[in-house]
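The sequence and coordinates are shown below.

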Amino acid sequence: MAFRSLLNKANQQFRENILFSSAMSDDDAFEDAGAGTSLAKIAGSFEELSETLESSLDSDSDYDLRLKPFCEACTLVSVLFGCLGIAFKFAEMEYTAKVRGLTEAAGKYETLNRILDNDMKNDTVKSPGSLSRNLRRVRQGLDLIRALFLNFLSSGDRSLKEAATTAYGDVCAPYHTWAVRAAVYAGMCALPTRQQLLLKLNETEETAEINMKRYISAAGPIIQYIDNLYIKRKINLDW
């Protein structure tokens with residue numbers, strides 16, 4: 001009962017490198033794998049962002065990631081949190097709220113750099129509700145999904161509960177209050193099974209592996225790019 005009460009309180013509070021050793025050799029297989037599924041669309045969106053970033057680095061241009069396409073890709077990720085149930089309801093609500101805030105700002109700020117520049121000017125980078133703080137939390141959500149996928153694929157018989165618990169502990173737990181951490185860990189018992197998750201995503205073991213690897217590979221450079229926006233401004237990342 002204590003855990004259930006804690007879960008309800010935390011839920012109310014929030015209402016407002018890589019595994020490629022067996023990579024496919026036939027590129028056509030990537031096009032066919034889980035084509036049209038939510039996971040495939042997410043992977044494709046982040047591949048587009050990553051390819052744009054990579055091409056700019058190759059040309060030695062000073063690339064600035066545009067906010068609107070970034071938000072569009074991030075919005076697609078929300079469905080993954082929804083498939084994980086109550087244990088990740090906290091992360092889902094925080095993530096979707098922060099993405100919404102960034103999306104609403106896309107008309108005013110064209111790029112991610114502009115967001116940081118504005119908050120640096122006003123000394124509001126870490127202020128609650130600031131766009132720089134929103135971006136930091138969205139980046140955390142992207143990394144949580146990436147860590148979950150890595151753990152999910154690390155062993156063919158690894159349970160979703162084990163994969164999710166490890167991912168949450170590594171990525172989000174250090175920044176959450178005790179009450180939220182306790183509620184999340186209690187809710188892990190309600191996670192779907194591995195097979196239930198695949199059914200929700202409309203994927204097989206084989207197509208899920210391909211699309212998860214696509215996301216892992218594409219999201220990594222985007223996450224690092226966002227980290228570098230703070231680092232180059234001498235803003236630490238432990239918040």
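Apart from neighbours within four places in sequence, R137 is in contact with E94, K98 and W239. The model is a predicted one. R137 belongs to helix α7, which spans residues 131-154. With a relative accessible area of 10%, R137 falls under the 20% limit and therefore counts as buried.

**Overall architecture and confidence**

The chain contains eleven helices and zero strands. Its order of elements along the sequence is accordingly written α-α-α-α-α-α-α-α-α-α-α. Of the 239 residues, 51% are buried.

The mean pLDDT of the chain is 84, and 82% of the residues reach at least 70. Among the elements of the chain, the lowest mean pLDDT, 42, belongs to helix α1 (residues 2-13), and the highest, 96, to α11. Over residues 1-31 the pLDDT stays under 50; for this stretch the model has 41 contacts beyond four places in sequence.

In soluble globular proteins, nonpolar side chains tend to be buried together. The largest nonpolar core of this model has 71 residues, and the members that touch the most others are F46, F70, F88 and L142. Helix α11, residues 205-231, gives the most to this core, with twelve residues.

The surroundings of F88 can be listed individually. Leaving aside neighbours within four places in sequence, F88 has contacts with F81, L144, A164, Y168, M188 and L191.

**Aromatic pairs and charges over rings**

How many aromatic pairs does the model contain? The count comes to five. In one of them, F81 and Y95 are tilted, with 5.1 Å between ring centres and 40 degrees between the planes. F81 lies in helix α4 (residues 67-83) and Y95 in helix α5 (residues 89-105), so this pair ties together parts that are 14 residues apart in sequence. F81 and Y95 are both buried.

The rings of Y230 and W239 form a pair with centres 6.0 Å apart; because their planes meet at 70 degrees, the pair is edge-to-face. Y230 and W239 are each buried. W239 is also one of the contacts of R137. Elsewhere, ring pairs join F46, F149 and Y215 into a cluster.

Two arginines lie over aromatic faces. R136 is positioned over the face of Y230, at 5.8 Å from the ring centre. R194 lies over the face of F152, at 3.9 Å from the ring centre.

| Residue | Phi | Location | Relative accessible area |
|---|---|---|---|
| D123 | about 55 degrees | loop between α6 (112-122) and α7 | 69% |
| K234 | about 60 degrees | segment after α11 | 79% |

D123, with a relative accessible area of 69%, is exposed. K234, at 79%, is exposed as well.

Which residues does M120 contact, apart from its neighbours within four places in sequence? They are V125, R233 and I235. M120 is found in helix α6, and its relative accessible area of 39% makes it partly exposed. M120 and R233 are 113 residues apart in sequence, yet their C-alpha atoms are 8.6 Å apart in space.

**Cysteines**

A disulfide is a covalent bond between the sulfur atoms of two cysteines. The structure holds zero disulfides. C83 has a relative accessible area of 9% and is therefore classed as buried. C172, at 3% relative accessibility, is likewise buried.

Definitions and conventions
Residues numbered from 1 in each chain as written. Predicted model: local features only at pLDDT ≥ 70, side-chain atom pairs only at ≥ 80, totals over all residues. Heavy atoms only, no water. Core = buried A, V, L, I, M, F, W, Y, C linked by side-chain atoms within 4.5 Å. Buried < 20%, exposed > 50% of the residue type's maximum accessible area, 1.4 Å probe, protein only. Helix = DSSP H or I, 4+ residues; strand = E, 2+ residues; numbered from the N terminus. Contact = heavy atoms within 4.5 Å. Disulfide = S-S within 2.5 Å. Phe/Tyr/Trp six-rings, centres within 6.5 Å; stacked < 30°, edge-to-face > 60°. Lys NZ or Arg CZ within 6 Å of the ring centre and 35° of its normal. pLDDT = per-residue confidence, 0-100.
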